[in-house]
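Here's a quick briefing to read with the model open beside you.

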Amino acid sequence: MDKVEQRNIVIIGGGIIGCSVAYYLSRHPSYSTSTTNIIVLEASANGVAQGASGKAGGLVAKWAYPREIVDISFPEHVKLAEEHNGAERWGWRFVGCGSWEGEGEAFGERGSGVGKGGKRKSLEKTLGFDASTAAPESRAAKGLPDDLTWVKEELTTSYSPMSGPDGTAQVHPYLFTTSMLDLAMEKGVQLVEGTAISVEQVNRRVTGVTYRDRSDSDCIKTLPATHVVLSAGAWSPSIIPSLPIAATRAHSVTIHPKAGVTISPYVLFTEILLPHSLSASPEIYARPGNEVYVCGPGDDSTLPGNVDDVEIDLAACQSITNQVASISQELREGAVDERQACFLPVVRTGGGPIIGEAEKIAKGLYIATGHTCWGICNAPGTAKVIAGLIMERKGRSRNLTKLAPSRFL
């Protein structure tokens, strides 16, 4: 009889990528608790999804980038929602999505939405969108959809849809991330609280992950591992310093309109001309539960040592709030519930994300990071690829050679 391979898999990072990898590993046909041990190692004292994975917009789009992973990921999102009642569990739904341009009324203090201590950086959310495919819809010459009533028509210059009715969807990122982990833990995946320090190896093959115990900072432990998945987002270079990953901080707020006001399901990428010749480009996401998420621009402030130490610039959050209030009475009269900031992992050399086995460093080491603002969108596709590489022992990840670690390390 063939000898059964024993796998000890340690996933560093409990964000959307790490939790999705845990889910897909636990659902793989060859997975068994008798032969495969899976651990998610998370550094935050507050549990998983404390970084960008819990504070993102949650956009899922066919027009996202890179195409190689989007084409895998989008249909996986649909399958996950159908199998696990994603509409109820994590707010899955298709949404209208468009580019809105117009003027903003004078409201509140001036500000760019850029956090203190950093220079402005683009989040490049629309990089994968082909503007040539957009065509104006009906509702006067401006193109505003009939049900998009929560931005002022008189302030609108133009609206152009960015996809058809089945091309853009959304999830609540925190609920999606925690659901992926909960579903994985139902199959035997374990969560360990601690900060990864290093990946151990012998003869260029991984043997374990050394970490600092969350409950006792003086206690250093090592988890044995035959496979290690590094999915720590912007913090990944603290484990593998040669990774070309930079961090971009982004601020956001969530707003609940007053009772009796309903916000129709749209995602807007705005270009607002404000008084005094200022301009702003907040992204606005209407969510289930009548919540609205608003994201400002990025900045290049310094990444802290732990996700729990991310600083929030309240002035930046107020500027973002004022910007959307300048075009929407409904949002102006709403209550701000959350003021938050997160760091997005960006590949310094361009391209990315980085997905696959880093054999140049050590056999059994897998990289899954650098997803920029598209982590939620591309998590299922990334996880499916990584799970296949580990469980099926394939040599390469389908047609994702341009995303392979060998191109970046």
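Predicted model: local features only at pLDDT ≥ 70, side-chain atom pairs only at ≥ 80, totals over all residues.

Residues are numbered from 1 along each chain as its sequence is written, and side-chain values use heavy atoms, with hydrogens and water left out.

**The whole protein**

- The protein has eight helices and 20 strands, which are DSSP runs numbered from the N terminus (helices: H or I, at least four residues; strands: E, at least two).
- Of its 409 residues, 58% count as buried; buried means under 20% relative accessible area, exposed means over 50%, and partly exposed is in between (1.4 Å probe, protein chains only).
- Take the contacts between residues at least 6 apart in sequence: 78% of them join residues at least 24 apart, with contact meaning heavy atoms within 4.5 Å.

- The buried residues of H1 include Gly-18, Val-21 and Tyr-24.

**H1 against H5**

- Helix H1 (residues 16-26) packs on helix H5 (residues 173-185) at an angle of about 30°, with the axes 8 Å apart; axes are lines fitted to C-alpha atoms, for helices over the stretch in contact, and angles run from 0 to 180 degrees between N-to-C directions.
- The crossing of H1 and H5 is left-handed, meaning that the near helix is turned anticlockwise from the far one by less than a right angle (clockwise would be right-handed).
- On the H1 side, the contact uses Ile-16, Cys-19, Ser-20, Ala-22, Tyr-23 and Ser-26, and H5 brings Phe-176, Thr-177, Met-180, Leu-181, Leu-183 and Ala-184.
- By class, the H1 and H5 contact has nine nonpolar residues, three polar and no charged; nonpolar covers Ala, Val, Leu, Ile, Met, Phe, Trp, Tyr, Cys and Pro, charged covers Asp, Glu, Lys and Arg, and the others, Gly among them, are polar.

**H8 and its two partners**

- H1 also meets helix H8 (residues 375-392): their axes come within 8 Å and cross at roughly 45°.
- H1 and H8 are therefore oblique to each other, and their crossing is right-handed.
- Among the residues making that contact are Ile-17, Val-21 and Leu-25 of H1, and Ala-379, Ala-383 and Ile-390 of H8.
- The contact of H1 with H8 counts 13 nonpolar, three polar and one charged residues.
- Helix H3 (residues 67-84) packs on H8 too, at an angle of about 100° with the axes 7 Å apart, and the two are therefore roughly perpendicular to each other.
- The residues that meet here include Ile-69, Glu-76 and Leu-80 in H3, and Ile-376, Pro-380 and Lys-384 in H8.
- The contact of H3 with H8 has nine nonpolar, five polar and two charged residues.

- Asn-306 sits in the loop between strand S17 (291-299) and helix H6 (314-325), and at 12% relative accessibility it counts as buried.
- A polar atom of the Asn-306 side chain lies 2.7 Å from the backbone nitrogen of Asp-308.
- Leaving aside neighbours within four places in sequence, Asn-306 is in contact with Ala-43, Ser-44, Thr-195, Arg-214 and Trp-235.
- Arg-393 is in the segment after H8 and is exposed, with a relative accessible area of 64%.
- With neighbours within four places in sequence left out, Arg-393 is in contact with Glu-5 and Gly-388.

- Tyr-65 and Pro-66 are joined by a cis peptide bond, with omega about -5°; Pro-66 is in the loop between strand S3 (59-61) and H3.
- Another cis peptide bond runs from Gly-352 to Pro-353, with omega near 5°, and Pro-353 is in the loop between strand S18 (335-347) and strand S19 (354-357).
- His-276 is not a glycine, yet has a positive phi of about 65°; this residue is exposed, with a relative accessible area of 57%.
- Thr-372 has a positive phi near 50°, lies in the loop between strand S20 (365-369) and H8, and is buried at 14% relative accessible area.

Technical notes: Polar contact = N/O pair within 3.5 Å; in protein donor to acceptor, adjacent residues only side chain to side chain. Parallel < 35°, antiparallel > 145°, perpendicular 65-115°, else oblique.
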